[in-house]
Amino acid sequence: MLKIYYLSSEINPFSDTTSISSFSKEFSITLQDQKEVDIRLTQPKYGYISDRRYILREVIRLKDLSINFLGNMHLINLKSGFIPSTRVQVYFMEHEKYFKNVCDLLYKSRNGRLYSDNHEKFTFFVKAAIETLEKLYWIPDYIICNNWQMSMLPQIFNTFYRDKFKNTKIVYMIHDVNEFYDYDSKLYKNLGLSVENSKKTQSNIINGIKYSDYIYAFNSNNNGVADYMNKNDVKLALKKKNYKLIDYNLDMDRSDRVKIYNDILEDLKKA
């Protein structure tokens, strides 16, 4: 049984702001349909997500977990549900400070202003998601992290948790290119992570690649991924990595998208 832990900031229908939402749903359903795959998803439980509507239930062993983050102890709870009409299990992470007051725009408030703590909250999420594995008594073969929101996971995992999960590999999926991949160097230093240079920000496309085992970059007509992945510093980071650039968009025929998902699964099975 191939075990996959899939982290995303949004999963349709629970949260739906960017194309990652639909990708996460369709990708996970396709893999779960394979009998030899156990895929479990985790996303933040934003305040507007209804327990009643999606039949979310408490998981006793995942209640009131203590997470040390930036020198402070935080309590999280995880609830469990399923993507409607599927067997795909989703864990929803509750946290009073970072997620409760987030509206359905996810990354900005109703007035259009970006949340100032976006990088901090999603960094907290990935750290807490890793620590949750110890309570699940479930060690995945792969952790899949998506885009800038999950881009701190590869370095955090390899710096602090590699000894506990010696055989777990990291899959980094890049769905677009934007300025949100640039994280403040202070956040790295406050977490005890090394930085690549003396600049005020660090590129988490580069760092994500460096600390991941597999990289999938999804290129579409307007997202600039193919051009970016061809830059010299990116190509240098990709050397000796398992990397694929894939033409992909939600306007493709569904059968073509499903083939892409199954091809990725075959890559992971071969490892």
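Start by selecting Glu26 and Arg254: they form a salt bridge (a side-chain nitrogen of Lys or Arg within 4 Å of a carboxyl oxygen of Asp or Glu), with the closest N and O atoms 3.4 Å apart. The pair ties together distant parts of the chain, Glu26 in helix H1 (residues 19-32) and Arg254 in helix H9 (residues 254-270), 228 residues apart. Helices here are DSSP runs of H or I with at least four residues, strands are E runs of at least two, and both are numbered from the N terminus. Glu26 is buried at 11% relative accessible area, while Arg254 is partly exposed at 46%. (Buried is under 20%, exposed over 50%, partly exposed in between, with a 1.4 Å probe and protein chains only.)

A note on the source: this is a predicted model, where local features need pLDDT of at least 70, side-chain atom pairs count only at pLDDT 80 or more, and totals for chains, interfaces and linings use all residues. Residues are numbered from 1 along each chain as its sequence is written, and side-chain values use heavy atoms, leaving out hydrogens and water.

Next, pick Glu36 and Lys269, another salt bridge, with 2.3 Å between the closest N and O atoms. Glu36 sits in the loop between H1 and strand E2 (37-44), Lys269 in helix H9, 233 residues away.

Now grab Asp51 and Lys45, whose side chains meet at 2.9 Å, N to O.

Last stop: strand E7 (residues 142-146). Five of its five residues are buried, so the strand is largely enclosed by the rest of the structure.
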